[in-house]
Amino acid sequence: MNRVMFFSGIHGTGKSTTIEKIREVLGLELFFSPDGDHGNPYKEPYQRQVWRLTKYYLDAFEILKKQEQTNSFLLVDRCVFDNEAYTSTFRLLDWISEEQYQKINELRNVYFRDKEIQPQNIILFSPP
């Protein structure tokens with residue numbers, strides 16, 4: 001995924017706006033997951049994070065496929081690092097237990113142990 005640029009950060013930090021401006025100026029391809037996070041059917045924080053992590057894992061294969069089909073750089077809104085940030089925050093807020101936190105981290109390590117699907121180029125957005 002060397003020709004893929006991931007944009008990561010919490011809601012409202014300007015990821016999508018920045019991606020759209022770059023896409024307009026440079027004419028680069030954009031990858032958006034079909035449902036985004038809006039397709040998440042779960043309300044409970046632990047289940048939401050497991051669903052989100054699994055989605056990032058499946059998206060990684062779609063991104064690889066899309067990258068093979070294009071010769072240009074590919075822009076991607078969000079990646080597995082968003083899951084890490086939210087999971088850590090949920091643990092700090094006590095929305096998930098330590099056991100649930102560990103399970104999510106173990107699952108992330110299993111899913112993303114293959115370097116080929118790990119994000120390489122990331123721009124991290126943080127609130128002002």
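Leaving aside residues up to four places away in sequence, F112 touches L53, Y56, Y57, A60, V80, I117 and Q118, where contact means heavy atoms within 4.5 Å. The model is predicted, so that local features need pLDDT of at least 70 and side-chain atom pairs count only at pLDDT 80 or more, while totals for chains, interfaces and linings use all residues. Residues are numbered from 1 along each chain as its sequence is written, and side-chain values use heavy atoms, with hydrogens and water left out.

F112 lies in the loop between α4 and β4 (121-125); helices (H or I, at least four residues) and strands (E, at least two) are DSSP runs, numbered from the N terminus. With a relative accessibility of 8%, F112 counts as buried (buried, under 20% relative accessible area; exposed, over 50%; partly exposed, in between; 1.4 Å probe, protein chains only). A separation of 21 Å is found between the C-alpha atoms of F112 and E98, which are 14 residues apart along the chain.

Helix α4 covers residues 98-111, and its 14 residues should span 20 Å at 1.5 Å a residue; the end C-alpha atoms are 20 Å apart, in agreement. The expected span is 1.5 Å times one less than the number of residues. Buried positions in α4 are Y101, I104, N105, R108 and Y111. Viewed down the axis of α4, the buried residues fall within an arc of 125° and therefore line one face of the helix, the arc being that of the directions from the helix axis to the C-beta atoms. E99 and N109, on the other side of α4, are exposed. The buried residues of α4 pack against α2 (45-69) and α3 (80-92).

The axes of α3 and α4 come within 10 Å and cross at roughly 170°; axes are lines fitted to C-alpha atoms, for helices over the stretch in contact, and angles run from 0 to 180 degrees between N-to-C directions. The two helices, α3 and α4, are therefore roughly antiparallel to each other (angles over 145 degrees). In this contact, V80, N83, E84, T87, S88 and R91 of α3 meet E98, Y101, I104 and R108 of α4. By class, the contact of α3 with α4 has 3 nonpolar, 3 polar and 4 charged residues (nonpolar: Ala, Val, Leu, Ile, Met, Phe, Trp, Tyr, Cys and Pro; charged: Asp, Glu, Lys and Arg; polar: the others, Gly among them).

In α2, the buried residues include W51, L53, Y56, A60, I63 and L64. Among the elements covering the buried residues of α2 are β1 (4-9), β2 (29-31), β3 (74-77), α3 and α4.

Definitions and conventions:
Parallel < 35°, antiparallel > 145°, perpendicular 65-115°, else oblique.
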